[in-house]
Amino acid sequence: MNISKYNHYIEQGESCIIFNAYTVSFLITNKRDINKFLLMGNFEELEKEQPQLFYDLCKKGMLIPDFFDEKATYISDVMDRKFSGKTYHMIINMTMDCNLRCWYCYENHIDNSVIGEDTISSIIKHIKLKYDKAPFELLTLSFFGGEPLLYKEKILHILSLINPIASIKGFKITINFTTNSTLLTKDFVDAIKGYHSTFQITLDGCRNIHNTIRKYKDKKAIGSYDRILESLSLIKEHLSDYELVLRINVSPQTSVGLQSMVSDIEPFLDPQRATIAVHKVWQVNEKKIDDCIINNFVKECQTRGFVCTYLDLKYNFAVVMPTI
C-alpha cells in the first residue's frame with residue numbers, strides 16, 4: 001500500500017482532518033493514529049488494530065494499492081473531462097457596471113454598460129453552431145460582471161432564446177451567478193426555478209465591518225449586509241435545485257468579529273447545499289492575517305454542520321468539514 005500523493009493533513013487539537021484533492025473526500029480521525037500508522041507506513045498494523053480506519057482510508061483513496069499509478073490515472077481523468085464534450089461552458093459578461101463600490105475590486109466600472117442585442121444574437125448562433133459541430137449534453141451558462149443581476153431581464157431573455165434550442169437538440173441547461181446578490185428578487189428566483197442554479201455570494205466580515213467595505217454606488221443607500229442575508233433567505237426558501245458558495249473575504253480589517261458572523265448566517269443557509277469558503281483579499285499580505293481567528297471561525301462553522309474551506313498558505317491547502 002502507498003499513501004496518496006493528494007492527501008493533505010490539517011491538525012485540529014487532538015484530531016486530524018485528511019483531505020484528498022483527487023477524490024475530493026475528507027476524513028476526521030485521531031491525530032495519534034495518523035502519526036503512528038499512516039505517516040510511519042505501518043499499514044499492516046493499521047489494518048489489524050484499526051480495521052475501520054484502514055477501510056475508510058482505502059475507500060476514500062487516501063491509501064492506495066502499490067500497483068495503482070495515481071498520477072497517470074489523474075491525468076487521464078482530467079483529459080477525459082476536458083475533451084469529453086459532454087459539457088459546454090459559456091461565461092457571459094452581462095455588464096461592467098456594479099451597484100457596489102468595494103475598495104479591492106479589480107474591475108474598471110463602466111456606468112450603464114450592458115450586453116447588446118447583437119452580442120446576444122451571436123451567443124445564440126454560437127450555441128447552435130457549437131452543438132451541430134460537437135454535440136454536448138449539458139450547457140452551463142455562467143453570468144458574470146460587474147454585477148450581472150443589474151440586468152435580470154436580459155438574463156431571462158437570453159434563457160428564453162436558448163430554451164427552445166435545448167428542447168430541440170436535447171441538451172440540459174444549468175446556470176451560475178457570481179453576484180453580490182443585493183439585487184436578487186423573489187420574481188427572479190421564481191423565474192429560474194426550472195434550472196439547476198449555482199451562486200457565489202460574498203460577505204466581508206461581520207455586519208459593521210462589511211457595511212464599511214461593501215458600500216453602495218448610491219451613497220444614500222446603506223446596509224448591504226442585511227440585504228445579502230435576505231437574498232440568501234430567498235434562495236433557501238424558494239429554490240430546491242441549487243448550490244451556493246458563500247465566500248467570506250478575510251483581511252486584518254474583516255477578521256475583527258469574524259466568529260460572530262456564524263450566528264447571523266446560519267439561519268439563511270442549508271448545510272446540504274451551501275459551502276462556506278474563506279478567502280484572503282488578494283491585495284492583503286497573508287502574514288498580517290491572524291490564522292487563529294480564521295481557524296476559530298472555521299471550527300465554529302464546522303460545529304454547526306457546515307462544510308467550510310480555507311486556503312491556508314501555511315499548510316498549502318486546508319479543508320475543515322463537519323464532524324462525522
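Here are some notes on one helix pair and a few salt bridges in this predicted model.

1. Start with the helix pair. H5 covers residues 117-133 and H6 covers residues 152-169; the two pack with their axes 11 Å apart and at an angle of about 20 degrees. That angle makes H5 roughly parallel to H6, since anything under 35 degrees counts as such. As for handedness, H5 and H6 cross in a right-handed way.

2. Who makes the contact? From H5 come Glu117, Ile120, Ile124, Ile127, Lys128, Tyr131 and Asp132. H6 answers with Lys154, His157, Ile158, Leu161, Ile162, Ile165 and Lys169. Sorted by class, the contact of H5 with H6 has eight nonpolar residues, five charged ones and one polar one. If you want to click through it, the isoleucines are a handy place to begin: Ile120, Ile124 and Ile127 are among the H5 residues, and Ile158, Ile162 and Ile165 are among those of H6.

3. On to the salt bridges. A search of the whole structure turns up 16 of them. The next points pick out some of these.

4. Asp190 and Lys186 pair up through their side chains, at 2.8 Å from N to O. Both sit in helix H7 (residues 186-191), four residues apart, so about one helical turn separates Asp190 from Lys186. Asp190 is partly exposed, its relative accessible area being 27%. Lys186 also falls in the partly exposed class, at 39% relative accessibility.

5. Arg207 deserves a look of its own. Asp226 counts as partly exposed at 31% relative accessibility, and Arg207 is partly exposed with a relative accessible area of 30%.

6. Arg207 also meets Asp264 in a salt bridge, here at 3.8 Å from N to O. What does this pair tie together? Asp264 lies in helix H10 (residues 261-265) and Arg207 in H8, so the bridge links parts 57 residues apart in sequence. Asp264 is partly exposed too, at 21% relative accessibility; the cut-off for buried is under 20%.

Key:
Residues are numbered from 1 along each chain as its sequence is written. This is a predicted model: local features need pLDDT of at least 70, side-chain atom pairs count only at pLDDT 80 or more; totals for chains, interfaces and linings use all residues. Side-chain values use heavy atoms; hydrogens and water are left out. Axes are lines fitted to C-alpha atoms, for helices over the stretch in contact, and angles run from 0 to 180 degrees between N-to-C directions. Angles under 35 degrees count as roughly parallel, over 145 as roughly antiparallel, 65 to 115 as roughly perpendicular and the rest as oblique. A crossing is left-handed if the near helix is turned anticlockwise from the far one by less than a right angle, and right-handed if clockwise. Contact means heavy atoms within 4.5 Å. Ala, Val, Leu, Ile, Met, Phe, Trp, Tyr, Cys and Pro count as nonpolar, Asp, Glu, Lys and Arg as charged, and the others, Gly among them, as polar. A salt bridge is a side-chain nitrogen of Lys or Arg within 4 Å of a carboxyl oxygen of Asp or Glu. Buried means under 20% relative accessible area, exposed over 50%, partly exposed in between (1.4 Å probe, protein chains only).
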